[in-house]
Amino acid sequence: MIETLLQTLLNGVAGGGVYALVALGYTLVFSVLGVINFAQGALFSLGGYLTFLLMGGRIGVNGALPGWGLPGGLPFPLALLLAAAASGLVGLLVERLAFTPLRRRGADPMLGLITSLGAGVVLVNLLQILMGAEGYAFPQGADALGGLPAALAIGGARIRTIQLLLLLVSAGAVLALPLWLEHSRQGQALRAVAEDPTTAQLLGINSEAMLRLAFFLSGALAGLGGGLIGVSVSLPGPYFGIGYGLKGLAVLVLGGLGSVPGAIAGGLLMGLAEALVPSEASGWRDALAFAILFAVLLLRPGGLLGRRQLEKV
Amino acid sequence: MIDNGLLVQMLLGALLGLSVYLPLAAGQLSLATPAFYAVGGTLAALLSTRWRALGATAGGGFPVPSLLLELLLGGLLAGVLALLVGRLVLRLRGIYLAIATIALVEIVRVAILNLPFTGGAIGIFSIPQPFSEASGYLLMALLLLALAGGLCHRLEAMPMGRAMAAIRDDELAAACMGIDTTRVKLTAFVLSAMVAGSSGALAAHFLNTWNARQGSFDVSVTTLAFVILGGSRTWLGPVLGGLLLTALPELLRPVGDVRLVLFGLVILLGPVLAPQGLITPALLERLGGAGREPASREDHP
C-alpha cells in the first residue's frame, strides 16, 4: 500500500517536473515578449528524436531514409545535452522566422501566436516525413544508462533508475533557472528587458540579444523535456510533444501567466493530479489538465501565483 | 479531377473557414472550431443511428427533413456550448481565449473517445444517407454556405458587425465608446460555433462514419490556414481560403503527404508576407462593389 502510494507520488513528481520544464519555456518567452510561443511542443518532439538519433538510433521503415542513423552512439547524458542545445538553436530559428518579422513591422504581437503555431506545425510534420509516424523505443537498461542498474529498491518500492534521473534532471533545471534569473548578471538583464525593453535598452542592455537568449533557453528546456520523456517512456510519434506542449499551456494558466514559481508549482500540481487518476479512468487522464484549466479560469483567472492583470493603456 | 465529393469537402472547408473568421472579425483568436464541428457531427451520428423516430430505413436511407432538423440541433448544441465557454473566457485577454479554446478542443476529443456511447476509437459508422449521390450533399452544403455567408455579409452592414470591427481595431477604444465588448465577442463566438456545429452534422452523414479524430487539434491548424490565406477582412476571404486549401492537397496528392507542411507554411508566412490575405477590401473595391464599402482603409494588423 505504502509502496504503491510512494510509486504514485514519484510518478507524479517526475511527470510534474517535465510539465514544469515546458511551462518554464513558455514563461521565459512570455515574460519578455508578452506572447506565447506555440512552437514549444514541436521543439519538445525534436528534443526526443534528436536524443534518440544521437544515441545511435536508426530511422524506421516509414521514414524518409529507412535504416539511416548517425555513426556511433553517444552516452545518454551527452546525447541529451546536445539534443537540448540543438532544440534551443531551432528555438532561435523559430524566433527569427515567426516573431522577428512581425516585430520589425510593428504588427500586433498576438499575430505571433499564429506564426509560431505555423512554425511548430511545419517542424512536427518535417519530423514526421523524416522519421515516419511510427513509435520508437530507446534501448533500456544498463546499456542506456552507462552501467547504472535499471531499477533501485527504495523503502520496499521498486523504482526505475531512469525515473529518478528524470526527476533529478528536471528538478535541477527547474531550480537552477530561477536562481540564475535572480542572481546572475544576464538573468537580471533578462528580467530588466521583461519589465521594460526601452528602459533596459537605455541602461545599456542589448534587448535583442536578451530576447534571443530567452528563445534559446526556452527551446533548450523543451528539448530537455522531450529527451527525458523519450528515454523514460518512448517516442510514440512526432506529435507526442504537441500533447505536452498543450498541457504545458494548462500548467501555465494554472500557475499564472509569466510567473516562474507559478510554472513550477503548477507543473508539480498537474503531474500529481494526473498520477492520482485511477487506472479505470485512465482514458480521461488527458482531459484532466484542460478541465483544471477551465476551473482556474472560472475561480482564479490570474492563476495560483499570478500577478493581478493590469491592462496597459 | 474535381468531382462532386471533393466539391462537398471544399464547401465544408469554406464553412469552417467562416467559423474561424467570425471571432477573428471581432479580434478574437479562437481555435475551437473543431470542437464545435465534432459536437455537431457526433450529435447527428448519434441521433440518426439511435433515434428511430427520425426515420432511418433498414437500407441506410434517411429522410431529408430529419437531416435539416439535425443541422439545426447540431448548430444549437454547439451554440449553447459556446455560450457557456465564452462567458467564462471572453472577459479575459485574447491570449486566454486562444489557450482556452485549445483546451476545449482537447476535452471534446477525449470525451468523444471515452464516452460509453460514442464508439471509442472506431467511432460511429453506417450513418444513414439522406442522398444516394454526392450531388445531394453538394446542394445541402451550398445551402448552408449561402446561409452562413449571407449572415456574415449582412453582419458587415449591421451595428453588430461594425462593433466587431471596432473591437478588432481597438478593444479599449470600443469599450470607451459604449460598446458592450463582452456581448459582441460572445455573439461572434456563438455564431462561429453554430456554423461549425451544423457543418459537422452534415459532414457526419456525408462521410458515413464519425470519430474523435474529426475534431482534433490538426483541424484547428487547417481551418486557421483557410482564414490566413483568404484574409479576414471580409467574409469572402475565408470562403476562398477554405475552397482553395481543401482542393489543393487533393490535387497535389501525387507529390506525397505534404498537406500539413503546406498549411503550416501558410500560417507561418501568411501574416508576414500578406497580412491581409488574398481577399482585401481594397481588392473588392477594384473589382467593382462585389463587397461592401470598407469601414476603414487603414492597414491595421
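Mentor: Helices (H or I, at least four residues) and strands (E, at least two) are DSSP runs, numbered from the N terminus. This is a predicted model, in which local features need pLDDT of at least 70 and side-chain atom pairs count only at pLDDT 80 or more, while totals for chains, interfaces and linings use all residues. Residues are numbered from 1 along each chain as its sequence is written, and chains are lettered from A and ligands numbered from 1 in the order in which they are written.

Trainee: How many helices and strands does chain B have?

Mentor: Chain B has twelve helices and zero strands.

Trainee: What radius of gyration would a compact globule with 301 residues have?

Mentor: The radius is taken over C-alpha atoms, and the globule rule is 2.2 Å times the number of residues to the power 0.38. For 301 residues this gives a value near 19 Å, and chain B, with 19 Å, agrees; along the principal axes, its C-alpha atoms fill a box of roughly 60 × 45 × 35 Å.

Trainee: How many residues of chain B are in contact with chain A?

Mentor: Two residues are in contact if their C-beta atoms, placed from the backbone, lie within 7 Å. By that criterion, 34 residues of chain B are in contact with 36 residues of chain A.

Trainee: Which elements of chain B give two or more residues to that side?

Mentor: They are α3 (64–89), α4 (94–114), α9 (217–230) and α11 (259–273) of chain B, and α4(B) gives the most, with 14 residues.

Trainee: Which contacts does A:Leu293 have, leaving aside its neighbours within four places in sequence?

Mentor: A:Leu293 is in contact with A:Ala250, A:Val253 and A:Leu254, and also with B:Ala100 and B:Ala103.
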